[in-house]
Amino acid sequence: MRVLVLQTRYASDPMLEHERGCFLAATGCPESDLHFRNVMNGMPTVEEVTVYDALIIGGSGDFSVAERDQWFFGPFAELLRGLVDFSFPSFGCCFGYQLLVDAMGGTVIRDPARAELGSTVVTLTEDGARDPLFGELPNQFIAQMGHFDRATELPDGVPNLASSDTCRNQAIRVPGAPIWATQFHPELDEQGNRDRCVAYIKEFGTIEGYQALPSPDALSILPRFLELVIS
């Protein structure tokens, strides 16, 4: 198995290596199976991505899909649309979710008033309960959050699979394709989320009410995704 993990982080970001460790732990893959590439060093082409068995798109601590103020947003959107056309097995986490929503014509806004930090209860929608990946989850489960941007409108024809009290759109699947994405972080456990919040405390400011709880159901998503799309 060969899985490409795209990161979007400055080399100085302390979460660059941390995120790699989280994906290794969450997927249960040996290091030889996960291949990490930072798009800050260049955006891969569709042809370069599709030599792998699957793609995972990680989060980002410094960039906002709503602001689109970096060179890579246009090329990233083009890449994702190409992968959708190719029906290439892909999973986007947080920033990856927002990138996919934006690339397919949805709307992502910056909304600090509805930021989610820490552990949050997520509820499956009817579409989520019928989904081959999300339908294996309980109706409600704990997920790890860390975002200021959120999707207010999903692309045409793309169902919302899960919701939280603060953020209605939490997960999507591209219809007819093995492509999923979540606003929450299925690669993080409670300690990983604590590490993330401490690293970004200047951006988050006060984190009053923050709680970190175990999220075993959310942690089961990435291994099942890989099992589903590669088997």
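## Strands, a sheet and a cavity

Trainee: In this predicted model, what makes strand S6 a partner of S7?

Mentor: Eight bridges join strand S6, residues 116-124, to S7, and the two run antiparallel. Two strands pair if DSSP finds at least two bridges between them, so S6 and S7, with eight bridges, count as paired. Within this pair, Gly118 stands opposite Met145 in S7.

Trainee: Why are S2 and S7 called edge strands?

Mentor: The open sheet has nine strands in the order S2-S1-S3-S4-S11-S10-S9-S6-S7, with mixed pairing. Strand S2 (34-38) and strand S7 (140-147) each pair on one side only, and they are the edge strands. From one strand to the next, the twist averages 25°.

Trainee: How do you know that helix H4 packs on the sheet?

Mentor: Helix H4, residues 95-103, touches strand S3 (54-57), strand S4 (90-93), S7, strand S10 (171-173) and strand S11 (179-182). Contact means heavy atoms within 4.5 Å, so H4 has such atoms in reach of each of these strands. The direction of H4 makes about 115° with that of S4.

Trainee: What makes the lining of the largest cavity nonpolar or polar, by class?

Mentor: The lining has nine nonpolar, three polar and no charged residues. Among the lining residues are Leu80, Phe91, Trp180, Ser90, Gly92 and Gly96.

Definitions and conventions: Residues are numbered from 1 along each chain as its sequence is written. This is a predicted model: local features need pLDDT of at least 70, side-chain atom pairs count only at pLDDT 80 or more; totals for chains, interfaces and linings use all residues. Side-chain values use heavy atoms; hydrogens and water are left out. Helices (H or I, at least four residues) and strands (E, at least two) are DSSP runs, numbered from the N terminus. Axes are lines fitted to C-alpha atoms, for helices over the stretch in contact, and angles run from 0 to 180 degrees between N-to-C directions. On a 1 Å grid over the protein atoms alone, a cavity is a set of points where a 1.4 Å probe fits but cannot get out, and a pocket is an open set with protein on both sides within 12 Å along at least five of seven lines; lining residues have an atom within 4 Å of a point. Ala, Val, Leu, Ile, Met, Phe, Trp, Tyr, Cys and Pro count as nonpolar, Asp, Glu, Lys and Arg as charged, and the others, Gly among them, as polar.
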